[in-house]
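Hello,

Here is the structure for you to look through. Please open it first, then read my notes below.

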Amino acid sequence: MQGNRPGQQALETPRAAGLAGVVFALLIAAAIVLIRLGIPEGADAATAQELSDSSRRDAVRAALALVPFAGIFFLWFVGALRAHVGQVEDKFLATVLLGSGLVFTATMFGAAAAAASVLSLAHTSGASAGASTWDFGRQFAYTLMTGYAMRMAAVFVCSMSVIGHRMGVLPRPLSVVGFLTALTLLFVSSNVPWAELVFPAWSLVVSLHILVASGRNRRRAAAPA
């Protein structure tokens with residue numbers, strides 16, 4: 001049994017990465033949609049009064065509740081991927097992958113905290129007293145998410161695509177999709193609403209590919225010689 005552990009770990013690590021990536025993609029996509037619906041990006045301070053409606057307020061609260069769990073599963077996704085490729089890939093790309101993932105998670109948490117502040121102020125302050133604070137909190141939350149978090153996500157996607165292409169973990173079409181996703185996150189997400197959803201979409205596709213490849217490898221390993 002002891003001699004089988006390395007082979008078992010090589011098979012289980014991609015599967016763990018795939019499962020964590022799927023959960024992260026679903027959670028972060030749901031959080032982005034709920035935040036977009038609950039706090040419109042182009043709204044003025046008068047929209048703060050609309051957050052008194054239970055539907056908008058509940059949407060934002062649900063998004064904020066999902067963000068911490070999305071961050072946890074993303075860190076698991078990054079750790080499992082790095083454990084799988086860290087021993088054979090050069091340290092530069094492995095470090096960029098890890099660093100961009102950590103900065104993305106921290107920035108995403110910061111955007112969630114800013115959105116929570118907007119919700120709290122909109123619920124407790126009057127429109128005249130909280131107008132400037134509302135505008136600042138809303139702009140701050142969206143700047144963190146679209147201007148900084150998504151650009152770190154672009155670095156993560158690009159480094160993972162390079163690693164996947166060099167190692168053969170990702171097929172060539174999926175690597176090309178990764179580079180296009182990185183370009184979208186770098187240059188489009190801060191100007192086009194909803195463009196940030198390409199990141200969870202890419203994460204979902206990559207995670208499903210890892211799960212399928214992991215299952216195929218497990219069947220091959222279990223087959224008699």
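Searching the whole structure, which is a predicted model, turns up two cavities of 30 Å³ or more. The largest cavity has a volume of about 220 Å³.

Which residues lie nearest the centre of the largest cavity? They are Ile35, Met108, Ala111, Ala112 and Met145. In total, 18 residues line this cavity. Sorted by class, the lining has 17 nonpolar residues and one charged residue. It has no polar residues.

Now the aromatic rings. Two values describe a pair of aromatic rings: the distance of the centres and the angle of the planes. With rings paired when their centres lie within 6.5 Å, the count comes to 12 aromatic pairs.

Take Phe74 and Phe77 as an example. Why is this pair called tilted? Their ring centres are 6.4 Å apart and their planes stand at 55 degrees, so the pair is tilted. For reference, planes under 30 degrees apart count as stacked, and over 60 as edge-to-face.

Where do these two residues sit? Phe74 and Phe77 both belong to helix H3 (residues 54-85). They are three residues apart, about one turn of the helix. Both Phe74 and Phe77 are buried.

The two are also part of a cluster linked by ring pairs. Its members are Phe24, Phe74, Phe77, Phe104, Phe156, Phe199 and Trp202.

Best wishes

Methods
Residues numbered from 1 in each chain as written. Predicted model: local features only at pLDDT ≥ 70, side-chain atom pairs only at ≥ 80, totals over all residues. Heavy atoms only, no water. Phe/Tyr/Trp six-rings, centres within 6.5 Å; stacked < 30°, edge-to-face > 60°. Helix = DSSP H or I, 4+ residues; strand = E, 2+ residues; numbered from the N terminus. Buried < 20%, exposed > 50% of the residue type's maximum accessible area, 1.4 Å probe, protein only. 1 Å grid on protein atoms, 1.4 Å probe; cavity = no way out; pocket = protein on both sides within 12 Å on 5 of 7 lines; lining within 4 Å. Points joined across faces, edges and corners; volume = space filled by probe spheres on them. Nonpolar A, V, L, I, M, F, W, Y, C, P; charged D, E, K, R; others polar.
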